[in-house]
Amino acid sequence: MKNSPTGPWPFVHLLAALVLVLAAPLGRAATTTGTLNVSAVVSDYCELGTSSVSLNLGSYTPAADSSQSTVIQVRCTLGTSYNVGLGLGTYVSGSTRRLRHATDNTVYMNYELYQSDGTTVWQAPGQAGVVSGTGTGLSQNLTVVGKIPSAQWSVKQGNYSDSVVITVTFP
């Protein structure tokens, strides 16, 4: 190899740079680690399976009580305590639940809503006769029994209805 007029140094520098580049680890980067702390808060929560439940008390004759049942579904987070109350209805008189005639708004028929045993009156929120439970994370079926008492002879033929508010209270 001939020396250039400036000596062998430019070639040596080039060769040294090439060796350094080839000797450097390819694709390796420095790393460091840390921790991402993830958290959430689950609040007590309940919901109704549906916002509208129907209870058809069937055909009534004054000679005997009329009784039918339906189910309200409540779903709450695990461990959530809840109370379900049923309002007194749109056509209440005092504390008596009443159905109103469809075309004659002066005619009413008394009825009552009971818990699943058919004898304990299902009351409005804040009263002793609400249904209580604890959430399981699954839908829970609560049976409502509706009864029209016999001997209501002053009712007239036709359709009757009422609307009752379902209230689920939880912490």
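## The largest pocket

Strand β5 (108-114) gives the most to the lining of the largest pocket, with three residues. Strands here are DSSP runs of E with at least two residues, helices are runs of H or I with at least four, and both are numbered from the N terminus. β2 (66-76), β7 (139-148) and β8 (160-161) join β5 in supplying at least two lining residues each. This is a predicted model, in which local features need pLDDT of at least 70 and side-chain atom pairs count only at pLDDT 80 or more, while totals for chains, interfaces and linings use all residues. Residues are numbered from 1 along each chain as its sequence is written, and side-chain values use heavy atoms, with hydrogens and water left out.

The pocket has a volume of about 760 Å³. Its lining has 30 residues, and Leu55, Leu57, Leu99, Tyr160 and Ser161 lie nearest the centre. A pocket is an open set of points on a 1 Å grid over the protein atoms alone, where a 1.4 Å probe fits, with protein on both sides within 12 Å along at least five of seven lines; lining residues have an atom within 4 Å of a point. The volume is the space filled by probe spheres set on the points, which are joined across faces, edges and corners.

## Serine 163

You will find serine 163 in the loop between β8 and β9 (166-169). Serine 163 is partly exposed because its relative accessibility is 46% (buried is under 20%, exposed over 50%, partly exposed in between, with a 1.4 Å probe and protein chains only). Beyond its neighbours within four places in sequence, serine 163 touches Gly89 and Thr90, where contact means heavy atoms within 4.5 Å.

Serine 54 is 109 residues away from serine 163 in sequence, yet their C-alpha atoms are 9.6 Å apart.

## Rings and charges

How many aromatic pairs are there? The count is two, taking rings of Phe, Tyr and Trp (its six-membered ring) with centres within 6.5 Å; planes under 30 degrees apart are stacked, over 60 edge-to-face and the rest tilted. Tyrosine 45 and phenylalanine 170 are edge-to-face, at 6.1 Å centre to centre and 75 degrees between the planes. Tyrosine 45 lies in the loop between α1 (9-23) and β1 (46-48) and phenylalanine 170 in the segment after β9, so this pair ties together parts 125 residues apart in sequence. The tyrosine 91 and tyrosine 108 pair is tilted because the planes are at 50 degrees, with centres 6.2 Å apart.

Arginine 98 lies over the face of tyrosine 108, 3.7 Å from the ring centre. Lysine 147 has its charged end over the ring of tyrosine 114, 5.1 Å from the centre. For such a charge, NZ of Lys or CZ of Arg is within 6 Å of the ring centre and within 35 degrees of the ring normal.
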